[in-house]
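Here are my notes on this one, written as numbered points. Have the model open while you read, and check each point against it.

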Amino acid sequence: MDMLQGVFSLFADPRFILYVLIGSVAGLFVGAIPGLSVSMATALLVSITYTWQTSDALATVMGVYVVGVFSGALSAILINIPGAPSSVVTTLDGYPMAKRGEAWKALKYATIYSFVGSVFGLVVMALLARPITDIALQFQPMDYFLLAFFGLATVGGLTTKSFTKGLFSALIGIVLSLVGMDSVMGTPRLTLGLQNLKAGIPTVPALVGLFGFAEVLSVVYDGIRDGKVSSLGQQNVPTRTILRELPRSLYYSVIGTLVGALPGAGGPVASFLAYGQAKKLVRKPSRPFGEGAYEGLVASESANNACIGGALIPMLTLAIPGDAVTAIILSVFTIHGLKPGPTFLRTGAAHFYEILAGGLIGCVFLLLLGLLVAPRISRIINVPKRILMPIVAVLCVIGAYACNKRMFDVGLMIFFGVLGFVLRRRGFSSAPVTLGLVLGGMMDSNFRRAMSLASTSANPLATAFWRPITMVLLVLTILTLVTNTPAWKKWRARRRAKAAS
Amino acid sequence: MKKWLKKPALWDGLAVTALSLGFLIYSIVQFQAMQHKVQWIMSPYLFPMMIGVFAVALGASMIREGLKAQPAAPKADAAETGEQPDAAAEPAPHRSALRMTLDALTVVALTVLYDLALGWIGFLPATAVYLALMMLFLGERRWYVMLIAAAATPFALYAIFKLGLNVRLP
């Protein structure tokens, strides 16, 4: 009841709605223009919103997040280049529809089912946050360590083709998070004698570099390519079709929310899984999948938007981000002095309502902007990259500088940009680095606290691991590591081949 | 030896192992140096040491994967591989790997110079020059587009960030 009251009071707050609208409009352009990403925009926003009131910052960030994830579909449909990684699957059927002259229709399907997915994910978040918080209150330091480790192992397995590369990316993030004053002993660590690194590596320049400047370098490296926009003619989508697809859309949203809640998974994985399910579920699609079936669009858009609510669940209740964007949102919290985790619903209930209300209002703007504005901005998404990329680079410099007002941070941003670029070129990924960077400090302090507790007891192993939650997390972590080893994969392949023969 | 050179996964593994070994050795040395000051379980270098061991194991696994991998074949035509060309995007002009790397390095160098110039000549002129140079480098040849973008963008950014959002600019 408190939650409903708290959320709906924000629905009547014009200032709050205005900030969500600003974020939503920014999200629409950022998500739609290939080369700009939601992660990049959120990272830049962290530094811009640094001096703002917390509620204004959260409203803007939620607007960008909700509409930005959806608007990746615009360029996927119109120019066959996904605006965000989670829209890759949308290109499979969206672009063939556009080529057939059904771009407007495809945009409507994407908008409506993105709305369904986003609302579903956020409602699930509202319903599950408290029960998960109750469980999280029983967590001990070792549980936090194992949960973060499990998250990094999962993200390592899902974000790159090679598990070892994904896991190594996460380790890079952890090592970078350890730079600075050791929180337990108060001694400098891994600072290379640099005075500026004693306070640690600031998250914002690192994130802006990894997602913003690295993207500029990648675009320059790959060569400037601009897309050709498909023509748009106004078309209607029958209400009967919308209602008929609704139950399936809810099913894909369940997949999206579950995948989103897994630390490190997220939109791309969810949309692939949902698309696979759609192929099995829809026996007679309007057109074959991959050739312009709107049923494929429904699956991918419902699932990737439902991830938003799912990814926010572990971030808010356990302080473990579900994906790169929530890892960045976590730094918005830190900058504004908020502490997500098991006690957040009690100590920061008002901010929880702001996130929920911001997300839901963002969904309304998603629907309005998607149906009314998106078809009319198709020319803008094709801004020549030779003009866009220099401006993005300047925004990266501003974003890196704004938080601490140090030119050293701009240098750090360039360093992280080069690091992110090199990692991408060699098949590593920036997402695990981000999660490692955000979670590393917490892992270190909890691990040492757990070891210290265990060392004082008569049976250290039992003290550290002999609890139901700890055992479950330990088993999950070991399973994730073992099932990703080459030996296990070979054994599975051999078994499958045997079963097939 | 020639076969080895064509295995990028192997080189990745070797680089990861070398970096990890270096980090592990550094952590062990620091751990030893701190031993007389703090109990080993509370040492700030215990966790980095564990990460180092784990990273070396990952590097070794990558070397193993790299040794088993097939040497990289020269890139075949799209028609041969059956890959769908990106119908909507205009094709990027063909450039050598060295040229592509040099292009990216030039952008890094320009940005470092921009970073330094911000301190010398201030935000507005430094940004205008940086934007013009970057656009020229990325292939924009219409002088009026460059002029308008380079002159208007710094003022627009100043108005939005400094005056509108109260964000400190470099």
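1. Start with Ile77(A) and look around it: leaving out residues up to four places away in sequence, Ile77(A) touches Thr90(A), Gly94(A), Tyr95(A), Ala98(A), Ala103(A), Ala106(A), Leu107(A) and Ala110(A). Touching, or being in contact, means that the C-beta atoms of two residues, placed from the backbone, lie within 7 Å.

2. A word on the source: this is a predicted model, where local features need pLDDT of at least 70 and side-chain atom pairs count only at pLDDT 80 or more, while totals for chains, interfaces and linings use all residues. Residues are numbered from 1 along each chain as its sequence is written, with chains lettered from A and ligands numbered from 1 in the order in which they are written.

3. Which residues touch the most other members of the largest nonpolar core? They are Ile77(A) and Val208(A), in a core of 208 residues. Helix α6 (residues 103–136) of chain A gives the largest share of this core, 18 residues. Such a core is a set of buried Ala, Val, Leu, Ile, Met, Phe, Trp, Tyr and Cys residues joined through C-beta atoms within 7 Å. Helices are DSSP runs (H or I, at least four residues; strands are E, at least two), numbered from the N terminus.

4. Now Lys385(A), which sits in helix α16 (residues 385–402) of chain A. Lys385(A) counts as buried because it has 22 C-beta neighbours inside 10 Å; the cut-off for buried is 20 or more other C-beta atoms within 10 Å, with C-beta atoms placed from the backbone.

5. Chain B has seven helices and zero strands. Of its 170 residues, 26% are buried.

Notes. A residue is buried if 20 or more other C-beta atoms lie within 10 Å of its own, exposed if 12 or fewer, and partly exposed in between; C-beta atoms are placed from the backbone.
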